[in-house]
Amino acid sequence: MEIKKKCWPQLFQLILDGKKNFDLRLADFELKDDDTIVYEEWDPKTKKYSGRIVKKEVKNLRKFKVTEFNSIQDIEKFGHYAIEFK
């Protein structure tokens, strides 16, 4: 299955360059190994998509909770994904 997600420009470029091979996301969506994530570059300043996309297949998926990136309420509700790409 393909899942579309916004990706900030600096992180998008790292994925595109092959320097970032994992992602940490709020686990508020269904995801499993072998799914494909379609990252769409999103500029939070202009609130627009650039039109650039990169597709990555999920290799290794682990769900866990962290308090540094999201509110405690969202973390308690959803947890996080650590996504490693193939």
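**Close-up views of a predicted model**

**View 1. The largest nonpolar core.** The largest nonpolar core here has 15 residues, and Leu31, Tyr39, Tyr81 and Ile83 are those with the most contacts inside it. Strand E1 (2–7), helix H1 (9–16), strand E3 (36–43), strand E4 (48–64) and strand E5 (80–85) are the elements that give two or more residues to this core. A nonpolar core, by the way, is a set of buried Ala, Val, Leu, Ile, Met, Phe, Trp, Tyr and Cys residues joined through side-chain atoms within 4.5 Å. Buried means under 20% relative accessible area, exposed means over 50%, and partly exposed is in between (1.4 Å probe, protein chains only). Helices (H or I, at least four residues) and strands (E, at least two) are DSSP runs, numbered from the N terminus.

A quick word on the model: it is predicted, so local features need pLDDT of at least 70 and side-chain atom pairs count only at pLDDT 80 or more, while totals for chains, interfaces and linings use all residues. Residues are numbered from 1 along each chain as its sequence is written, and side-chain values use heavy atoms, with hydrogens and water left out.

**View 2. The whole chain, for orientation.** The protein chain has two helices and five strands, running β-α-β-β-β-α-β from the N terminus on. Its radius of gyration (taken over C-alpha atoms) is 13 Å, close to the 12 Å that the globule rule gives for 86 residues, so the chain is as compact as a globular protein of that length. That rule is 2.2 Å times the number of residues to the power 0.38. Buried residues make up 35% of the 86 residues. Of the contacts (heavy atoms within 4.5 Å) with a separation of 6 or more, 63% are between residues 24 or more positions apart.

**View 3. Tyr81 and its neighbours.** What does Tyr81 touch, not counting residues up to four places away in sequence? Its partners include Asp23, Leu24, Arg25, Leu26 and Ala27, and also Leu61, Arg62, Lys63 and Phe64. Phe29, Glu30 and Leu31 are among them too.

**View 4. Phe29, buried in a loop.** Phe29 is in the loop between E2 and E3, yet it is buried, with a relative accessible area of 12%. Leaving aside neighbours within four places in sequence, Phe29 is in contact with Ile3, Lys5 and Tyr81. Phe29 and His80 are 51 residues apart in sequence, and their C-alpha atoms are 9.9 Å apart in space.

**View 5. Thr36 in strand E3.** Is Thr36 buried or exposed? Thr36 sits in strand E3 and is buried, with a relative accessible area of 19%. Setting aside neighbours within four places in sequence, it is in contact with Met1, Glu2, Ile3, Lys55, Lys56 and Glu57.

**View 6. Two residues with positive phi.** Most residues other than glycine have a negative phi. Asp34 has a positive one, near 75 degrees; Asp34 is in the loop between strand E2 (22–26) and E3 and is partly exposed, at 46% relative accessible area. Lys47, also not a glycine, has a positive phi of about 60 degrees. Lys47 is in the loop between E3 and E4 and counts as exposed, at 59% relative accessibility.

**View 7. Gly18 and Pro44.** Gly18 is in the loop between H1 and E2 and is exposed, with a relative accessible area of 56%. The C-alpha atoms of Gly18 and Pro44 are separated by 22 Å, and the two residues are 26 apart along the chain.
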